[in-house]
Amino acid sequence: MATQQNLSRALTLIRLLKQRPGKTLNQLGQLLGCTPRHVRRFLDALEAVGFHVDTEGKHPPRYYLFEDERRQQADFTEEEAQLLRQALTAYPDHNPLVLPLRQKIFTRSTLFPLADTLADQHQSRVVNQLAEAIRNRLQARLLRYFSANSNTISDRVVEPFGFSEQYDLLTAYDPDAGKVKTFKTQRIGDVAVLDVPQTYAPAEAPTDPFLWPGEPRLLTLHLTQLARHLLLEEHPLTQPDIHPNPTDETYPYTYAGQVRSWVGVGRFVLGLPGQVRLTDAPADFRTYLQGRIGEFDI
């Protein structure tokens, strides 16, 4: 029994380390149901068999699996890959099985086939369980959910009602908080569908172009050519609110639209330093960005 439990924990640890951001020894122990000392032993065992466990941050360090891109190699000949590529075009992009198949076919790694498979299987199981709750309008308990914002692990009872296009985000009503939230499906340890009917009407919870719910507010951003291109690529629903600004050579485009949370648009802006001007943005949005910048451990 102990051997089986250790194997199960080792496989779960591989999946957890594949996800970013990294997690501390205490967080990994909480997710695995063991002590940080046991986690350290599992990490040493993984490194002994060829996995490269890396860390980020210092107080305390957060662990993740590092993949050296130089060690990647194709598992298929060019002709085989082309045939598989053509076969996949028969399926719609929103099919949750298409993206993992493409990744397995064209970006296979010599070091991570097991970790990738575990991550795909885990997310598929989580999505299927949540889809059952959505179909039957039942509450669900998100077990061992890792929140990167609060850096905590906890169970959450929610009323799920929708996914993003790639099934990586769940939109659900949180009865305890009394509002709609989004959750990353890869950060959900497991799902328990409850025999409790949902009480919240999904129609009351629209999301903004960045897929975040909340109270609507207006936001104006001035964009460089690069920022406009990436905004349309990553968040195509912003297109109607992007307009040319020919009098400004540096920031020739303006986004003036409605958002419902600073989180989604804030992540976009923080990822493009020097590409977005905030002179017309609300003061509380600038305060939010400054607060997030202050969280960096430099």
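**Note on the cavity, the pocket and the helices around them**

1. About 40 Å³ of space lies in the largest cavity. The model is a predicted one. A search of the whole structure turns up 1 cavity of 30 Å³ or more.

2. Which residues line the largest cavity? They are Arg15, Leu16, Gln19, Lys23, Leu31, His122, Arg144, Phe146, Gln186, Arg187, Ile188 and Gly189. Two elements, α1 (2–18) and β3 (138–147), each give two or more residues to this lining. By class, the lining divides into 4 nonpolar, 4 polar and 4 charged residues.

3. Take Gly189 from that list. Gly189 sits in the loop between β6 (179–184) and β7 (190–197). Is Gly189 buried or exposed? It is buried, because its relative accessible area is 9%, and the cut-off for buried is under 20%. Beyond its neighbours within four places in sequence, Gly189 is in contact with Arg15, His122, Arg125, Leu143 and Arg144. Of these, Arg15, His122 and Arg144 also line the largest cavity. Gly189 and Phe146 are 43 residues apart in sequence, yet 8.0 Å apart in space, C-alpha to C-alpha. Phe146 is another lining residue of the cavity.

4. Arg144 deserves a look at its backbone. Arg144 lies in strand β3. Its phi is near 55°, a positive value in a residue other than glycine. At 31% relative accessibility, Arg144 counts as partly exposed. Arg137 has phi near 55° as well, again positive in a residue other than glycine. Arg137 is placed in the loop between α6 (113–135) and β3. Arg137 counts as partly exposed, at 33% relative accessibility. Check both backbones in the view above.

5. Now the open space. The largest pocket has a volume of about 1400 Å³. Its lining holds 38 residues, and the closest to the pocket centre are Asn149, Lys184, Arg187, Arg267 and Arg292. Arg187 is also in the lining of the largest cavity.

6. Which helix gives the largest share of the pocket lining? It is α8, with 5 residues. Both α8 (262–270) and α9 (283–293) supply at least two residues of the lining.

7. α8 is also mostly covered, with 7 of its 9 residues buried. The buried ones are Trp262, Val263, Gly264, Val265, Gly266, Phe268 and Val269. What covers them includes β8 (217–223), α7, β10 (253–259), β11 (276–277) and α9.

8. His235 lies in the loop between α7 (225–234) and β9 (242–244). Leaving aside its neighbours within four places in sequence, His235 is in contact with Pro209, Phe210, Leu230 and Phe268. His235 counts as buried because its relative accessible area is 16%, under the 20% cut-off.

9. How do α2 and α3 pack? Helix α2 (residues 25–32) meets helix α3 (residues 36–48) at an angle of about 95°, with the axes 8 Å apart. So α2 is roughly perpendicular to α3. On the α2 side, the contact is made by Leu25, Asn26, Leu28, Gly29 and Leu32. On the α3 side, Pro36, Val39, Arg40 and Leu43 take part. These residues divide into 6 nonpolar, 2 polar and 1 charged.

10. Which residues of α2 are buried? They are Gln27, Leu28, Gly29, Leu31 and Leu32. Leu28, Gly29 and Leu32 are also part of the contact with α3. Leu31 is in the lining of the largest cavity. An α-helix has 3.6 residues a turn, so residues three or four places apart point the same way. After α2 comes Gly33, with a positive phi near 75°.

11. Last, the overall fold. The secondary structure comes to 9 helices and 11 strands. Of the 298 residues, 42% count as buried. Among contacts with a separation of 6 or more, 63% come from residues 24 or more positions apart. The pair Gly189 and Phe146, 43 residues apart in sequence, spans such a separation, at 8.0 Å C-alpha to C-alpha.

Key. Residues numbered from 1 in each chain as written. Predicted model: local features only at pLDDT ≥ 70, side-chain atom pairs only at ≥ 80, totals over all residues. Heavy atoms only, no water. 1 Å grid on protein atoms, 1.4 Å probe; cavity = no way out; pocket = protein on both sides within 12 Å on 5 of 7 lines; lining within 4 Å. Points joined across faces, edges and corners; volume = space filled by probe spheres on them. Helix = DSSP H or I, 4+ residues; strand = E, 2+ residues; numbered from the N terminus. Axes fitted to C-alpha atoms, helices over the stretch in contact; angles between N-to-C directions. Parallel < 35°, antiparallel > 145°, perpendicular 65-115°, else oblique. Contact = heavy atoms within 4.5 Å. Nonpolar A, V, L, I, M, F, W, Y, C, P; charged D, E, K, R; others polar. Buried < 20%, exposed > 50% of the residue type's maximum accessible area, 1.4 Å probe, protein only.
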